[in-house]
Amino acid sequence: MTLTVQFYTLIAMIGMGSCFGAALDTYQHFLKRAERKRWIVFFHDLFFWLVQALLVFYVLLNVNEGELRFYSLLALLCGFAGYQALLKNGYMQVLGLMIHIITEIIRLFRKIIGVILVKPVIIIVTSLIFLVKMIISALSSLLGLGLRIILKTLKIFLYSPVKWVIRLIYRMLPVSIAVKIKKAASFVEGIFTKITNSIKTFPTKWKNKDE
């Protein structure tokens with residue numbers, strides 16, 4: 001290994017030590033160990049150290065064909081110590097500023113998505129629901145009106161003549177039979193009244209149920 005290669009290796013390891021310090025601070029800032037389970041922290045730590053080792057090996061492979069010597073480890077430690085002493089405070093401020101900027105951008109993006117996509121969809125769905133309720137209410141009112149017209153028509157053309165004939169026959173019957181027929185007629189009339197009232201109140205009940 002030539003002196004030039006050794007010098008490049010020394011510089012590269014110092015730089016990797018500083019990058020490792022920055023990566024470690026970034027990793028610890030986002031990991032939040034107290035809020036995670038131990039086995040998750042273990043796998044995260046294992047993955048982090050594996051990535052850092054692969055990066056160091058990749059840099060060595062490009063600088064000196066992957067030869068790892070004692071002074072390379074010393075340079076790596078010097079770079080890490082230099083970062084801790086000189087660059088850490090500034091890097092943490094920059095990291096905090098970048099996180100704040102990214103958070104604000106994401107928040108703004110969510111608001112834009114909400115205004116452009118979510119709110120129009122909510123307005124359309126609400127309008128459709130209101131329109132369906134109006135149509136159902138109108139149909140129930142028309143249905144109730146039609147049923148009342150049918151009942152009045154039946155009452156005029158069927159119920160009244162039949163009732164007149166029954167009264168005429170009723171007057172000609174014996175008293176005992178007439179009493180029984182009267183009770184039966186009262187019972188049938190009560191059922192018919194209940195059906196009529198149910199039909200008349202049908203639109204109101206439907207509206208209340210729909211609301």
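Two salt bridges are present in the structure, which is a predicted model. One of them joins Lys-88 and Asp-25, with 3.9 Å between the closest N and O atoms. This pair connects distant parts of the chain. Lys-88 belongs to helix H3 (residues 70-172), whereas Asp-25 belongs to helix H1 (residues 3-31), and 63 residues separate them. Lys-88 is partly exposed, at 29% relative accessible area. Asp-25 has a relative accessibility of 7%, under the 20% limit, and is therefore classed as buried.

The other salt bridge is formed by the side chains of Glu-104 and Arg-107, at 3.5 Å from N to O. Both residues lie in helix H3. They are three residues apart, which is about one turn of the helix. Glu-104 is partly exposed, with a relative accessible area of 34%. Arg-107 is also partly exposed, at 44%.

Aromatic contacts were examined next. The whole structure contains eight aromatic pairs. Among them is Trp-39 with Phe-43, whose ring centres are 6.4 Å apart and whose planes meet at 80°. The angle is over 60 degrees, so this pair is edge-to-face. Trp-39 and Phe-43 are four residues apart in helix H2, and are therefore separated by about one helical turn. Trp-39 is exposed, at 55% relative accessibility. Phe-43 is partly exposed, with a relative accessible area of 48%.

Tyr-83 and Tyr-91 form another pair, with ring centres 6.1 Å apart. Their planes lie at 70°, so this pair too is edge-to-face. Tyr-83 is buried, with a relative accessible area of 2%. Tyr-91 is partly exposed, at 26%.

A single aromatic cluster brings together Phe-20, Tyr-27, Phe-48, Trp-49 and Phe-80. One of its members, Phe-20, is also touched by Gln-52. Gln-52 contacts Ala-23 as well, when residues up to four places away in sequence are left out. Gln-52 sits in helix H2 (residues 38-64). Its relative accessibility is 11%, under the 20% limit, so Gln-52 counts as buried.

Cysteines were considered last. A disulfide is a covalent bond between the sulfur atoms of two cysteines. The structure has zero disulfides. Cys-19 is partly exposed, at 47% relative accessible area. Cys-78 has a relative accessible area of 51%, over the 50% limit, and is therefore exposed.

Notes. Residues numbered from 1 in each chain as written. Heavy atoms only, no water. Helix = DSSP H or I, 4+ residues; strand = E, 2+ residues; numbered from the N terminus. Buried < 20%, exposed > 50% of the residue type's maximum accessible area, 1.4 Å probe, protein only. Contact = heavy atoms within 4.5 Å. Disulfide = S-S within 2.5 Å. Phe/Tyr/Trp six-rings, centres within 6.5 Å; stacked < 30°, edge-to-face > 60°. Salt bridge = Lys/Arg side-chain N within 4 Å of Asp/Glu carboxyl O.
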